[in-house]
Amino acid sequence: MKKLALLPIAALTFAASTLVNAQTTLVIDSWRSDDAVWNEKIIPAFNKHYPNIKVEYRSPPDLDASKWSDDMEARFESQSAGDLIACRPFDGSLGLFERGLLKEVTEMEGVENFPSFALAPWQTDSGAQTFCLPMASVIHGFFYNKDIFKEVGVNEPVTKADFYWALEKAKRAGYLPLAMGTKDKWEAATMGFQNIGPTYWKGEDGRDGLLTGKERADSKPYRDTFRELSKWASYMGDDFDQRGYNDAIKMFADGKAAVYPAGSWDIDTFRGKVNMGVFPPPVEQRGDACYFSDHTDLGMGLNAKSKNPEAAETFLKWMTTAEFAELLTNEISGFFSLSNHFFDVKDPIAQEMISWRDQCDSTIRNSAQFLSRGEPNFELEIWETSVGVMTGQMSPAQAAKQLQDGLEEWYQPQKESKQSASNGNCNCAPLL
């Protein structure tokens, strides 16, 4: 089995806190609707060590994660937020810490079990303070229906030519080639732009280039990314602009679609429903360097105004252990622990996606750090432009220009960036 391992094990011992009183009840607030796993697996494992601490896991009641941030604002305002709060990476959680809503955990026992790259999304810009414990990353790629691929006579794609040939063969056979829609917008950005984009802007080098102003969002890598997304429209079927995330899931789960542009968080969604394989973003030619998004996605923080601070910290310390890391990774397949602990990863699709770390260079979503602090928000601009090129409402060059113009409005390194003649940028009419 594939071992999930980042660095050598850091030892951690812990004992039941004498400060925790009987009948203490903790509430965990998260946008992730993983209630069953937490209630049936994770919390019972914790209670074997701490039977006197009752834990309740609270997710969005209507399963709509997009409303979670607003719900949490209301809970913070009314002082009804949970004792432990799921943390998005970088700016969203940093803002909560700067407002005094999250407690610093820099010196908490067990934090040493996480490497620096894992801690970075939940640290201040200087790196001096840590405000959330890293939990998991998610990986982008493509799920495919093995039975459909076998029926139409294609193999797992390696190159872009392989990819489009597989889509074309599925289309000719009467299947939906790509199970994706643009109605919810974030999918086009997350499973489209951020999925294939690192191949064009060369992963972390390109992301760093945007942050420093050495690269621009209207340069060739970004135009090429949008150009590929515009090609997808031919394979997404009729009325894809009215197809939402759950609609796309159903089409793939029902065996009507050949390929699903995916995040690893959907592994469990299709378990037992699809004879499924997975492949990373295709490259131009066999042997080319490959890149993929291994995004630091989920952390956990302490509510600074928790009524049960000792019990909450006890739970968070337990989350630094190998026991929790293994439970998280194997019970919520597709969420990969960011700790240093070694353990077996059981799900074969999860194993395959982890193996890409040994073959390709990884990066995180380029909108996550710094670039979405101002207005226009870079993340939301990617939503709009990705949908725009897929629906034919803007050209790839227009989409890239909109991203760059937005950054130049407020982000100083991009205000100072210079167009490079080698990128072929000009003020001429955009071409598809």
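Begin with the surface of the protein chain, which exposes about 18600 Å², 48% of it supplied by carbon and sulfur atoms (accessible areas come from the Shrake-Rupley method with a 1.4 Å probe). The model is a predicted one, in which local features need pLDDT of at least 70 and side-chain atom pairs count only at pLDDT 80 or more, whereas totals for chains, interfaces and linings use all residues. Residues are numbered from 1 along each chain as its sequence is written, and side-chain values use heavy atoms, with hydrogens and water left out.

Switch to a cartoon to see 17 helices and 12 strands, which are DSSP runs numbered from the N terminus (helices H or I, at least four residues; strands E, at least two).

Next, select residues 35-49, helix 1, together with residues 322-331, helix 13: these pack at an angle of about 170 degrees, with their axes 11 Å apart, the axes being lines fitted to C-alpha atoms over the stretch in contact and the angles running from 0 to 180 degrees between N-to-C directions. Helix 1 is therefore roughly antiparallel to helix 13, a term for angles over 145 degrees. Now display the side chains of V37, W38, K41, I42, A45 and H49 on helix 1 and of E323, F324, L327 and E331 on helix 13, the residues that make the contact (heavy atoms within 4.5 Å).

Definitions and conventions
Angles under 35 degrees count as roughly parallel, over 145 as roughly antiparallel, 65 to 115 as roughly perpendicular and the rest as oblique.
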